[in-house]
Amino acid sequence: MAPEVLIPSSPAEAASLFGDGTGTTVIGGGTVVVPDLTSGRIDPGRVLLLSRAGLDGFTVDGDTITLGATTTVQSLLGLADQVAALAACAANLADNEIRGQATVAGNLCVGAGYEAPRGDLQGCLLALDARVRSTGPGGETTEPLEDFLAHRHDRLALDVSFERPAASTFASLAYPHTHEYTVLAVTAARSGDGIIRLAATGLAGPGARLRSAEALAGDIEAAAAAAPGDVTFADDALASAWYRSQVLPVLVRRVLSELEESA
Amino acid sequence: MNLTVNGVATSVESAPLTSLLDVLREELGITSPKAGCEQGGCGACTVLVDGEARRSCLTPVAAVDGAAITTVEGLGSPEHLAPIQQAFTHHYAAQCGFCTSGMMMAAQAYLDDGGNDDHEAIQDALGGHVCRCTGYVKIIDAVAAAARGESFDLSVTAAGTSMTNLGGVS
Amino acid sequence: MKAVGARVPRYDGVAHVTGHTMFVDDLKIPGALWAKAFRSPVHNAGMSNLDTSKAEAMPGVHVITWNDVPLLEYGHLSALGIPADEPLLAKDEVRYLGQPIAIVAAPSEEAAMAAVAAITADFDERPALFDVRKAFDADAPQIHAEGNWYRHFEDEMDRRQIRKGNIDEAFDKADLIVQGVYRPAAIEHAPIETQVCQVVPEANGRLTIYSCTQALYFSMGVVAAHLQLPLNKLKVVGGTVGGGFGGKVDTATETLCALLAQKSGKPVRWRWTREEEFLCSSTRAPWHMEIADAVTKDGWILGRKMLTLHDSGAYARFSPYGLTKHSFHHTGAYSIPNLEFDGYVVYTNRTPTTAMRGFGVTSVSFATETHMSRIALELGIDPYELRLKNANRVGDTSPNQIAYTDPSTVPTILAIADAVGHDLTPEYKAMTPGPRSGALLPEHLVGQLGNPEDH
């Protein structure tokens, strides 16, 4: 059954066509949705294709960095000087061809993977205390990324913004070639006002903050030990929950140590 | 929808969410990009979209309406091989040949972007491409040689010249 | 041999780099129908109430099931004495997840997927067996008609057996018994080109089969047998393979496409998805090998006891042949005069396994070489010396009593030692593969040697 395909040519039109999102599948770059279409795993009735919606590109306004929803993952590498962890997290994703097509919002809004975790940018942007401007039921709203993630499948993300951190670091456990999904990753960021935030991906659900570890950030070993208690792991094709629980403290230690060195 | 494919303005009838891969292969009969996995995992489908290397299996054709698409057929021909095609031939960078189209398009984008003969940079550029036959060494050597602007004497390695240099083995 | 060492053209080199090489899926055959498979969703079950009627009612759709196959079971290697045991399409049971039950042909890929989705069957699941070690347990589920392991080696033996010399004496005389267990896992060939086939029914009743098979004449014979057609009714066009590595010898698509082409009167095209390639195509088999070697303090290997369990998956396919080759090579590059080898082709509810690069022998080479290193470690002997001492030499005999005329073990090991800069004593550096004598002919090898002239 051929779906209705809508291709808005402005952010306003995209929001209007999305409406309350009922029965609508959104395609950012296509890297997540198109394989599902090709294989017949999904059969959407209505598809919103954002390739021309003018939602791409990032802006820097003073200390505030705003990423348009369809900003490509590859273009985030251009922020390496300002947000090291974001560039590192982006560079760790797939390969340049896929990064050149994949979008920030597509990665944030992605659902559970097929036996492997997805949504690496969720962790990094949580650590950056990002907020998401989105539209959907109830109209437009801006909320913390953590709240957005809880209902990300019902919303159309418009942009993501955060304040430039004083420093940020990223560490991941991944198989040593481009094709593998990231098994586990942690981002640490110290905000301009000195607050350290930690977040991880590769968990049982979407990316999540490591709040007890954050509370102990002054004592790296204690923070590392506390981190597994903040999250739930799952077994999947890449690694067991147990293995991830053993590696998480290592990654936390790494990002906090490097964050300290950058001070 | 409209595409410019290898320099030729082409109108496209396929449904808007048809993958660019299927548009090229099924509608337009351009078969160099291959369906290796249709999930973006192998790189056999890579083509250039406005000069950028992209997985055609992941690209809904409506997203590239109006774009210029380049495939292997647009790089060169048996009579006039492009430098990357010469390099691949000379270095035996293809065995079964199935990954070759995708590899060369990625390599071409790398070269067009000013890529040099650094092996790590080449591996990074071609990092999304899987080859099950060659072990990659000759592919990287070929791209490095092309990056250095080497010219290749294909009188031995190009098939058109037959094997007369071996004393008539046919 | 003018080509060796020379740079020669690949006859397909220019075609590969210009996109001119025509792989099977690149052929544009007007009017070709798309094929898709309805496959078993479970590992082991009785199957009933297979209903393809809704699919067949769809416009332009044709369906084949076991009932459409003139000869449902044909042993691909029946010429080697391996009897048929595998239905081309499942009839009243399924024995591996992904086993093909019905194939549809439809005017588009989408229509084919819809037709498959409209096929139903009932599955009465049975306990499945995945561990070859458990296959021999009294309470193991019996998953093959003849039990859990193959029983048709010569004289209807249920194992490939090699006996040589006097193994008990060897074990009595040993200073040490060195044991090891080796379990290489299954490997998916993962060629970049998935299984693919196109079949055209010609006006004169012949079928033209465009195939990615690695074994063109072999596949032709398989198709002819299942379809009960004389060979001159088939024309197989092949030779352009996007990677095979042993995984494209199973004739996985050709027969089914040919049947659909006959039934529909139209060309049929079947290209497996990557998911099918991973889940449903045959793999290199997993192996379980146990070795116990009787060795002397000074590094002679007097005898070897070995047990091999070859995981054939749900059906025999080529496994008995692979195991046979494996058995001939179970001493590897080395001469072991007293042998007790038993190898079993064991059935599990995996996808049937097949050849991959060195079918049957790669596994035993891995086990043998690792075991040699283990022996060297336990004896405290240099691993090169251990190998050179026991290396195959002219006049030594293989497990199946063939005398070696030109074994390459010694020069190869010397070349390796040289290449990596491993120092050998003059005695070892001077070794040759020539017939044994002096220190290289200990008492236990006298009388064990063969005559290379008999080769």
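**View 1. Polar contacts where chain C meets chain B.** Between chain C and chain B, 15 residue pairs are in polar contact, both partners at pLDDT 80 or more. A polar contact here is a pair of N or O atoms within 3.5 Å; within protein, one must be able to donate a hydrogen and the other to accept it, and residues adjacent in sequence count only if both atoms are side-chain atoms. This is a predicted model, where local features need pLDDT of at least 70, side-chain atom pairs count only at pLDDT 80 or more, and totals for chains, interfaces and linings use all residues. Residues are numbered from 1 along each chain as its sequence is written, chains are lettered from A and ligands numbered from 1 in the order in which they are written, and side-chain values use heavy atoms, with hydrogens and water left out.

**View 2. The contact between chains C and B.** Chain C brings 37 residues to this contact and chain B brings 40 residues (contact means heavy atoms within 4.5 Å). About 3,200 Å² is buried between the two chains, with carbon and sulfur atoms giving 58%; buried area is the accessible area (1.4 Å probe) that two parts lose on being put together, summed over both. C:Arg7, C:Val17 and C:Ile192 supply 24% of what chain C buries against chain B, more than any other three residues.

**View 3. Salt bridges between chains C and B.** The rule finds five salt bridges across this interface, a salt bridge being a side-chain nitrogen of Lys or Arg within 4 Å of a carboxyl oxygen of Asp or Glu. Take C:Asp26 and B:Arg25: their closest N and O atoms are 2.8 Å apart. B:Glu38 pairs up with C:Arg271 too, at 3.1 Å. Both B:Glu38, at 11% relative accessible area, and C:Arg271, at 6%, are buried (under 20%; exposed is over 50%, partly exposed in between; 1.4 Å probe, protein chains only).

View 4. A:Arg41 and C:Glu275 meet here, 3.5 Å from N to O. A:Arg41 is partly exposed at 37% relative accessible area, and C:Glu275 is partly exposed at 43%.

**View 5. A salt bridge inside chain C.** C:Lys263 reaches C:Asp68, with the closest N and O atoms 3.2 Å apart. C:Lys263 is partly exposed, at 38% relative accessible area, and C:Asp68 is partly exposed as well, at 28%.
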